[in-house]
Amino acid sequence: MRHALHRLGFFVVTLWACVTLNFVLPRLMPGSPILDMMAKYRGHVTQKALEAIETAFGIETHASLLTQYWQYLGNTARGNFGISLTQSEPVSQVIGGAVWWTLGLIGVTTVLAFILGTLIGIVGAWRRGGWLDGILPPVFVITSSIPFFWVGMLLILLVGRFDPRFPTSGAYAYGTTPGFNWPFITDVLQHALLPALAILVTSIGGWILTMRNTMVTVLAEDYVRMARAKGLPGWRIMFDYAARNAMLPNLSGFAMSLGFVLSGAIVVEYLFSYQGVGYYLLLGVVNQDYALVQALFLLITVAVLVAILAADLLTAVLDPRTRTGG
Amino acid sequence: MATMQIPAGAGQAPEAGLPGMPGSAGTASERAAGRIWRAVKSNKKALTGAIILLLFVIMAIIPGQIAHDPPQAFIYGRSLGPSAQHLLGTTPSGQDIFAQVIWGARETLIIALVSGLLSTLLSMIMGIGAAYLGGWWDNGLNLITDILLVIPTFPLLIVIISYYPHSSLIPLIAVLVITGYSYGARQLRAEALSLRNRDFLEAARVRGERRFYIIFVEIIPSMTSLIMAVFLGTAVYNVIAAATLQFIGFGDPNSLSWGTMLYWAENGEALQTGQYLWAIAPGLCIALLGAAFALLNYAFDEIGNPALQRVKLTRRRHSPPWRIRAERAR
């Protein structure tokens, strides 16, 4: 219980730090990015939108920083992030449309990578010194140091260019109307194939390595030896005795990686022009749409914080040994 | 990652046994250096990594001796295929791609090494400082580190860089250092905490050494392998993060580095026009450099964590009966 409260306290402090960082960054930077933005959009958007930005960033209203901060906190708490200048609609609407694409593509791929990687890691450690164990760890050490965007580029180059079954841009074909029907669903799945493959190739290695290494440590434990002495079948020792215990650190890592789904989306979505959270973040950054950028950064950070809190609590529930330490 | 480790042959016991020996400082760090060298020599992975890294360092120091063409002059035929004159062909604006790859090593390595070193230094200050000073210092420094640890780095990197009108190397490196030090600081703090009550530090305290001396001469040398691992880990991350930022277009488009090359390759539609090597070569170099750091890091992990490095051959020779049975059952 004390451990949980401690973690919850840390969550609140970190959340406050992130919200404040989001407030301070555009005001702290050299030059005046906000004024640049205003100048750029004057004449392109309605007067009302500009005024909204002026109020939000405290320009010409001569409000003190403290008042601005207070207003900003209130707006953030109400989920009122202002108007996106590039999309000419409320930021919350832009995000609401984008977030599902990101969760669908990257969320599902993260889960797949975790399941596959953990299984390979279990088998690799169990047959230590076997061919799987000999090939996979070094291969994945190398693939995990390959920049993700380059894998994506190569996939586009080697597969997407020659095979029209693997489209390389967008979440669905241009001109189709989104709807819950079979042609649209297959279209979406087709568009997800290449980006998903790119993510899988670069992220699975980490799961394999950590699972293998904890599994190797656990296999040396006395209770595994005991299970062997009892003459239990190999698969039972492997899954029920060793893997179950070796999973614990990986499981909290998995909970955390779910939080990083949104932040991991940036490069994937840029490369494949996939209209999710990361795509809009870059769009906002390039076009100085700071209201959109601030809201997306906050969303991404909150997702990570919640996931970390969940991972901490999950570990405490599943692994009694960690409870006393906190 | 190397979490808990007692470096084999760290030689802490003799140090504690000879209080007040002058010159023990030099030998401690020399011994650490020797230990690392022996470890690299005897580990195939580490040796491979070290050789790749050395090749890139040579490329970065004398690029002009390797590639004779000027890397940024638009003086050759456009979109030429590979030939004896242009090993990797030319870009659509008439630059020699091979020369660009060779010259690109310099900036890429500078970013990796400088940001890696600075962020390791910051990790050491924040991590070891927190552990050794203890009390409120520990709480305060640790809270800052923890917060930076959980804020997603790459979005933060992009948001900060986006507020800079002119992108150059210095803000890029500064942001990489600030956003990348926290993980290392956590590891170093944990290790320093476990060392805090060891006999050899107690001995140093009893013989009245100053804090400064204890931290720099006693604690840091005995943590060399973990510090190396932290440095290599951040270097891998920084190579990739910097290249990604440059690829997305947040770098200086006139600079000469592999990330910027890929940016131009994508914008110049290298893939559509068939200039495959323009896209493949710089990416391969980034991957190799990253792999070099990762291989060295992997090796240090094995050195630091003896559980991972038992040799497989001994197992068959001394297989206990239950294991043979278990193997047959499979």
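Here are legends for a handful of close-up views of a predicted two-chain model.

Residues are numbered from 1 along each chain as its sequence is written, while chains are lettered from A and ligands numbered from 1 in the order in which they are written. Since the model is predicted, local features need pLDDT of at least 70, side-chain atom pairs count only at pLDDT 80 or more, and totals for chains, interfaces and linings use all residues.

**View 1. Chain A on its own.** Chain A has 14 helices and 2 strands; these are DSSP runs numbered from the N terminus, with helices being H or I of at least four residues and strands E of at least two. Of its 326 residues, 41% count as buried. Buried here is 20 or more other C-beta atoms within 10 Å of a residue's own, exposed is 12 or fewer, and partly exposed is in between, with C-beta atoms placed from the backbone. Take the contacts in chain A between residues at least 6 apart in sequence, and 73% of them join residues at least 24 apart. A contact is a pair of residues whose C-beta atoms, placed from the backbone, lie within 7 Å.

**View 2. Helices α5 and α8 of chain A crossing.** Two packed helices are described by the angle between their axes and the distance between the axes. For α5 (residues 91–126) and α8 (residues 182–219) of chain A, the axes come within 6 Å and cross at roughly 35°. Such axes are lines fitted to C-alpha atoms, for helices over the stretch in contact, and angles run from 0 to 180 degrees between N-to-C directions. The crossing of α5(A) and α8(A) is right-handed: right-handed is when the near helix is turned clockwise from the far one by less than a right angle, left-handed when anticlockwise. The contact residues divide into 21 nonpolar, 6 polar and 1 charged. For these classes, Ala, Val, Leu, Ile, Met, Phe, Trp, Tyr, Cys and Pro are nonpolar, Asp, Glu, Lys and Arg are charged, and the others, Gly among them, are polar.

**View 3. Gly96(A) in helix α5.** Gly96(A) sits in α5 of chain A and is exposed, because it has 10 other C-beta atoms within 10 Å. Gly96(A) and Leu132(A) are 36 residues apart in sequence, and their C-alpha atoms are 43 Å apart in space.

**View 4. A loop residue, Ser273(A).** Look in the loop between α11 and α12 of chain A for Ser273(A). Its phi is near 45°, a positive value in a residue other than glycine. Ser273(A) counts as partly exposed because it has 13 C-beta neighbours inside 10 Å.

**View 5. Where chain A meets chain B.** Here 46 residues of chain A are in contact with 40 residues of chain B. On the chain A side, α13(A) gives the largest share, 7 residues. By class, that side has 33 nonpolar, 10 polar and 3 charged residues. The predictor gives the complex an ipTM of 0.78 and a pTM of 0.77.

**View 6. The largest nonpolar core.** This core has 167 residues, and those with the most contacts inside it are Leu296(A) and Val239(B). A nonpolar core is a set of buried Ala, Val, Leu, Ile, Met, Phe, Trp, Tyr and Cys residues joined through C-beta atoms within 7 Å. Helix α12 (residues 224–248) of chain B gives the most to it, with 18 residues. Neighbours within four places in sequence aside, Leu296(A) is in contact with Ile95(A), Val277(A), Tyr280(A), Leu281(A) and Gly284(A).

View 7. The axes of α5 (residues 97–133) and α9 (residues 182–195) of chain B come within 8 Å and cross at roughly 40°, and the crossing is right-handed. Their contact residues divide into 10 nonpolar, 5 polar and 2 charged. Asn142(B), in helix α6 (residues 135–150) of chain B, is in contact with Ala130(B) and Arg189(B), leaving aside neighbours within four places in sequence.

**View 8. An enclosed helix, α13 of chain B.** Of the 10 residues of α13 (residues 258–267) of chain B, 8 are buried, so this helix is largely enclosed by the rest of the structure. Among the buried ones are Trp258(B), Tyr263(B) and Trp264(B).

**View 9. Confidence along chain B.** The mean pLDDT (the predictor's confidence in each residue, from 0 to 100) of chain B is 75, and 73% of its residues reach 70 or more. Confidence is lowest in α1 (residues 12–17) of chain B, at a mean of 37, and highest in α5(B), at 88.
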